[in-house]
Amino acid sequence: MKRTTLSLIAVATALAAVTGVAAVTAPGPDSAAPVAAPRAARLPVERTGLLCPAPSTSEVAETTYTSFTPPARNAAGRPQDGQGGEGGSGTGTGAGGESAAEAVLKPAAKAAIPGEDATGKQEKKAKEPKAPPTVTKPGTPVAEQLDGGSVPALTGTANGALAPGWTVQQTTVVPAGGARGLLGTACTAPDTDFWFPAASTAKERHDYVHLTNPDDSAAVADIELYGPDGTLKTEVTEGIPVPGHSTVPVLLSTLTTEAAQQDLTVHVTTRSGRVGAALGVADEKLGSDWLPASADAAGKAVLPGIPADATSVRLVAFAPGDDDADLKVQLITPTGTIVPAGADSLHVKSGMTAAVDLPELTRGEPGSLLLTSADPKKPVPVVAAVKVVRGKGAEKEIAFIPATAAIEGRATVADNRAKGTTLALSAPGDAAQVRITASAGAEGGTPVTKNVTIKAGSTVSMDGPVPEGAKGGYALTVERLSGGPVYAARTLALPQDGVPMFTVQAFTDDRSSVEVPPARQDLKVLDD
């Protein structure tokens, strides 16, 4: 008879992992000095998944996908050999060797839309949907344009050396029609919980939640709507099924029979499985863009990158907990943190959406909005977003900026252009220093790196660095080097026919590494 037993060393190690003990000792007066437990190591992630919503139904839409993985850096802060960057050309090995480094984007099937009537008509066989190519080596972006209204949603995975920090930017220009505008979004990771303040079911708004399932098994999602008076009664009570490797677009106004609401907070959760959730907005008067999900509810929120020439800013907030929130509203500007005139606070009742216009907020200076609890000793978690409008009269354009988490290590936004790219870097607490790297262009160029210091309580607004000899779109990577928390956003402006088309994307930490506890296990196989 054979049996496997766990030695005393293994038992002690297991107990240390559970209780936080840092050393293991053996009994007896002559025992050796305590042996320090190995420290946890930070290792690059080995797999990254992303989901991109279907970009547009307009036949005149032009969508550019830019895929990029930033190169790993050595102790001196330079790209590692074989990782692209300045002169590198290899793909790296990652986990499992060079052959394991791969990034793939695939079309997701379009599933039935809840609330649609079945016509029974035989549809024409659609063309096989096309997925754009993606990155093949760190440090070099890959871009491709797909046109028309039948471009599918995408699911994607990257592994090996291409996984850490992999990002895909989706940029769509719709030059005319009801969905006119510049729509930008970073493809997101699948999850089970999303908050979208600043949604609407107003008559002029057409807001769709796009649910995309990356897995083989079906997912079931719930969508809850919260207005100024609390929860709206929804027509879908059994959940929304999302088949495997499929996408489901849901028009918000079809979910409820209650009166149209100018300001809503949308909460997407899953009963089973996981999805990517994105909220597309089309406003008949103000154009269109994507509304990204807010960062997790917290007692402090930073909404970075409000343009200097914003003509209208509307703040929408929601308190998901049991307590009301009294928020102090401030603007982090290039010259310091100020209190906006006439809009220095906002009361948010628990479970209800609150909104306030912030007239003449920027006064010609870019900034980032800072929300904190009026009583610092009793912070109440909130989610928030702002609706930003540029332009006047009939030539207006809309964009959205959600509350964003700080950059802990590194963050990237792809598809930047030599003209029309602006960065906003904010340090609401202590001063901080960051390194900004402009990658090579998708069609050529040499990376450029610049260090920037952000004074405490201020915002640095600057044109995005441009790679030398840039050809094609490129990626901007921000790395926090020292100091306090840093929040950042990129504005891309592509005006057309007098309309100031623009979109704003926040830099979200890429979480390209994970902490791996040391393995200390002593297994013995004993024969009886």
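This passage walks through the overall make-up of the chain and then through some of its side-chain pairings. The structure is a predicted model, in which local features need pLDDT of at least 70 and side-chain atom pairs count only at pLDDT 80 or more, while totals for chains, interfaces and linings use all residues. Residues are numbered from 1 along each chain as its sequence is written, and side-chain values use heavy atoms, with hydrogens and water left out.

The protein chain contains one helix and 42 strands; helices (H or I, at least four residues) and strands (E, at least two) are DSSP runs, numbered from the N terminus. Of its 528 residues, 50% count as buried, where buried means under 20% relative accessible area, exposed over 50%, and partly exposed in between (1.4 Å probe, protein chains only). The chain exposes about 24,500 Å², with carbon and sulfur atoms supplying 51% of that area; accessible areas come from the Shrake-Rupley method with a 1.4 Å probe, and for residues only the protein chains shown count as cover. Among contacts (heavy atoms within 4.5 Å) with a separation of 6 or more, 80% come from residues 24 or more positions apart.

Charged pairs come next. Side chains of opposite charge can pair when their charged atoms come close. The whole structure holds 12 salt bridges, each a side-chain nitrogen of Lys or Arg within 4 Å of a carboxyl oxygen of Asp or Glu. In one of them, D357 meets R314 at 3.0 Å, N to O. Because D357 lies in strand β27 (residues 353–357) and R314 in strand β23 (residues 310–318), this pair ties together parts that are 43 residues apart in sequence. D357 is partly exposed, at 45% relative accessible area, whereas R314 counts as buried at 17%. Salt bridges with shared partners join D263, R314 and D357 into one network.

Another salt bridge brings together R180 and E397, at 3.2 Å from N to O. R180 sits in the loop between β11 (167–174) and β12 (181–186) and E397 in strand β30 (residues 395–402), 217 residues apart. Both R180 and E397 are buried. A charge also meets a ring: the charged end of R390 sits over the ring of F502, 5.0 Å from its centre. This arrangement requires NZ of Lys or CZ of Arg within 6 Å of the ring centre and within 35 degrees of the ring normal.

The structure has four aromatic pairs, counted when rings of Phe, Tyr and Trp (its six-membered ring) have centres within 6.5 Å; planes under 30 degrees apart count as stacked, over 60 as edge-to-face and the rest as tilted. W195 and Y226 form a tilted pair, 6.1 Å centre to centre with 35 degrees between the planes. W195 belongs to strand β13 (residues 193–199) and Y226 to strand β15 (residues 219–227), so the pair ties together parts that are 31 residues apart in sequence. W195 is buried at 13% relative accessibility, and Y226 is buried at 12%. Y226 also forms a tilted pair with F318, at 4.7 Å and 45 degrees.
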